[in-house]
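Dear colleague,

I am passing on the structure below, together with some notes on what turned up when I went through it. Please read the notes with the coordinates open beside them.

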Amino acid sequence: SAQGTFRQIRVWHSAPLPPATLRSDGCGGGGGGRGGGAAAPLSARPPRHLPAAGAMDAVERVIAQATRKTPQREKTAEEIAAEKKAREEEEREEEELERACEQWCSKICRIGIVVPLIFSYILHPISEFAMRPTMDVDTDVNLAGVHAIVTGGCAGIGLRTATLLSESGASVVLACRDARSDDAARALGAVRSASSKWSKANGGHAVSPQLVLPLRLDSFKSVRSFVTQYNERVGKLHLLINNAGTRQACNTTEDGIETAFQTNFLGHFLLTKLLLPVLRQSSPARVVHLTCRDGYIRPAHGWNQWFKDGWLKGWLGLPVPIMEGIRVGSSFVEPKLESLEGEDEGETGHAAIDDSDDDDGGYRPHVPARRGSGQGNDWLTGCKPEKAYANAKLAVLTFSHELERRLRDSPDSEGVVSHAVNPNSVASEFLEKGTPPSATQQWSYHKVMSYFPPVWISRKVFGFLHSRMSAAMLRSVDHGARAVFHVATAEGLAGAGGALFDDIESAFTNCGRPAHKCGRVPRSWQPPVTHDHRAGADLWALSEELVR
C-alpha cells in the first residue's frame, strides 16, 4: 500500500548501518586479525542515502499507485431497475409526508383560527341575541312634582329617556351641548308635547316648564355655569341622569385633560358633586350613571398576552372582568387589599345588598398605587381611542359605587342613592362619532397577523359579517331608554344600595328573584377596582384635584 511504501522509504533514510557491515580500513579488525572478516555484500544492506533523482522517482511511483482508480464494473439491468425503484419509493414517501403535514397544518388553521373567529363573530352574538330579554318595565308611574336632569338629552337615549320621564309627569331639564341648535329645539318640543299629553290625561295637572340649558362636559367652566343656572331657575332635583358621553379620545380639552376622560367621567363627577346639596335637600333622590360593557368587561387575553386569563378563554376570546386599574393622567388607581363594601344595613337606610354569591370572600391582593401629577402630556402618552373610552367608563362605574358608599356613610344623605346601568349598544349615531384609529395604530393592531394571508382574509370576511350582524342585532333606542328609566324610577331600587344593571344578566322585571336583584350584575363579573374602598377613595381624591 501507499502507506507501507512511504514507511519503507522513511526507514531507509533514517536507519544507520550496522557496524558489522562496514568495510575494513586498517583501523579496526574483525575476527581477531588485521583485515579479518569479510564485508557484507552491498546488495544485502539498504543504502544510507538515495540519490535525489531516485528518491523522486520512487515517490512518484508510490503516488501513482495510490491514486490509480480501480475500474468499476458495469451495472446490470436488474441492478439499475432496483435502484430506480428505490428512488421512486423514497420520493413517494417524501410526497406522502409533505401531504400529511399540509393536512395537519390545515386542521390546525381551521381549529386554531377559524373556530375562534366563528365563535367570536357569529355564534356568540347570535346566542346573546337569542337569549336577550325584552325590556318590559313599568312606565305607568306617577312622577308628578319630580324634577330631573338628563345630560345629553337632545338626542339618542337621552332624549328618549327625557320623553319617558315627561310622559310620566316629571319636569325635565335637558342639558345639551348647544342649547340653541335645531336638535335642542326639536328635543324641547318633544318633551313639552309629552308633558302636555300627561297633563291632559291627568285632569290638567300643572307641570313645571321643561327647559334646555347649555352644558359642555369637556369644560369645567361650562359645568359650573350650568349648575348656577339650574339652582337659580329650578332649585330642586330628584333625578340626575348622567347620560352624555363621547367616543372621541386622545385629544386634550381646554382644561388640559384627555377628552374621553373629562367628557365621560370628570365632567359628570364635577356636576354631581356640585348638585349634591340640592339632591340632599330634595330627598328622596337618585343619581343614575350610564356605563357600557367596555367599562367592565373585556375579551380574555390571547396568545399575544400569553393567555393570562386561561388558554381556553384566551383562545375563544371569551369575556372576562377587567382586572386592570384606572389611568388618571400619569397616575394609576389599582385594586388593593380591601374588603368589599356592604354586608348589612347602613345607618342611613341604604340597604347594602350582598350580590357577591360567586365572590372569593371579598379580598383582593395588594397592589401599590402608582401616582403622578395627572397633568400634561401624560394624558396622551400611548393613548388609543378605544382604551381611553373604556378607561373613562371604568372610572364612571367606580365613581358610582364610591358615591353610594359616601352617601351611605353620610347622615344627611338619607334617601339619596347611586346606581349604574348599561343600556348596551343601541341603533343611534353615538357609535359613528368615535375617533378612528390612526394609520400607525391600525398597522400596529394587525402587523403580525398581516403576514398570514388566511388570517387576514378570515378577519376581513368575519369582520364584514360581524359588522352587518351587529347592526342588525343592535338594541333599539327605546329599549336602552327603558332600562335607564327603570333604574331611575323603580321603587324597588330606592333603598337597595348602589348596583350595576345590565339586561345581559337577566330581565329587569319578573326574573324569578327579588326585584332589586333583577338585572343586577354580580360582583364577580365586575372589575376589582370598582368595589375597592381605597381605590375608590384614591379616584375621588385625584378627581377633586383635577376639577379645582
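Between which two elements does the loop that holds N424 lie? Before the answer, please keep in mind that this is a predicted model, and that every value below is computed from it. N424 is found in the loop that runs between β10 and α10 (439–446), and its phi is near 65°, a positive value in a residue that is not glycine.

An open sheet is formed by 7 strands, which follow the order β3-β2-β1-β4-β5-β10-β11 with parallel pairing. At the edges stand β3 (211–214) and β11 (500–502), each of which has a single partner strand, so one side of each is left without a neighbour in the sheet. On average, and with direction ignored, neighbouring strands of this sheet are turned by 20° against each other. Within the sheet, β1 (residues 147–151) and β2 (residues 171–176) run parallel and are joined by 5 bridges, and V150 has L174 in β2 as its bridge partner. Helix α7 lies across β1, β4 (239–242), β5 (285–290) and β10 (416–422), and α7 runs at about 175° to β4.

Helix packing

Helix α7 (residues 259–281) also packs against α6 (residues 220–233), at an angle of about 30° and with the axes 10 Å apart. With angles under 35 degrees counted as roughly parallel, α6 and α7 are therefore roughly parallel to each other, and α6 passes α7 in a right-handed crossing. On the α6 side the contact includes F220, V223 and F226, and on the α7 side it includes L266, L270 and L274. The residues of this contact of α6 with α7 divide into 11 nonpolar, 3 polar and 1 charged.

For α4 (residues 156–167) and α5 (residues 182–201), the axes come within 7 Å and cross at roughly 20°, and these two helices are therefore roughly parallel to each other. The crossing in which α4 passes α5 is right-handed. L159, A162, T163, S166 and E167 of α4 meet A187, A190, V191, A194, S195 and W198 of α5, and the residues of this contact divide into 7 nonpolar, 3 polar and 1 charged.

The axes of α9 and α13 (residues 533–547) come within 9 Å and cross at roughly 105°, and α9 and α13 are therefore roughly perpendicular to each other. Among the residues that make the contact are F399, E402 and R405 of α9, with H533, A537 and W540 of α13; the contact of α9 with α13 divides into 6 nonpolar, 3 polar and 3 charged residues.

Aromatic pairs

The count of aromatic pairs comes to 9. One of them is formed by F269 and F399, which are edge-to-face, at 5.2 Å centre to centre and with 65° between the planes. This pair links distant parts of the chain, since F269 is in helix α7 and F399 is in helix α9 (residues 385–409), 130 residues apart. F399 also takes part in the contact of α9 with α13 described above.

Technical notes
Residues are numbered from 1 along each chain as its sequence is written. This is a predicted model: local features need pLDDT of at least 70, side-chain atom pairs count only at pLDDT 80 or more; totals for chains, interfaces and linings use all residues. Side-chain values use heavy atoms; hydrogens and water are left out. Axes are lines fitted to C-alpha atoms, for helices over the stretch in contact, and angles run from 0 to 180 degrees between N-to-C directions. Helices (H or I, at least four residues) and strands (E, at least two) are DSSP runs, numbered from the N terminus. Angles under 35 degrees count as roughly parallel, over 145 as roughly antiparallel, 65 to 115 as roughly perpendicular and the rest as oblique. A crossing is left-handed if the near helix is turned anticlockwise from the far one by less than a right angle, and right-handed if clockwise. Contact means heavy atoms within 4.5 Å. Ala, Val, Leu, Ile, Met, Phe, Trp, Tyr, Cys and Pro count as nonpolar, Asp, Glu, Lys and Arg as charged, and the others, Gly among them, as polar. Two strands pair if DSSP finds at least two bridges between them. Rings of Phe, Tyr and Trp (its six-membered ring) pair if their centres lie within 6.5 Å; planes under 30 degrees apart count as stacked, over 60 as edge-to-face and the rest as tilted.
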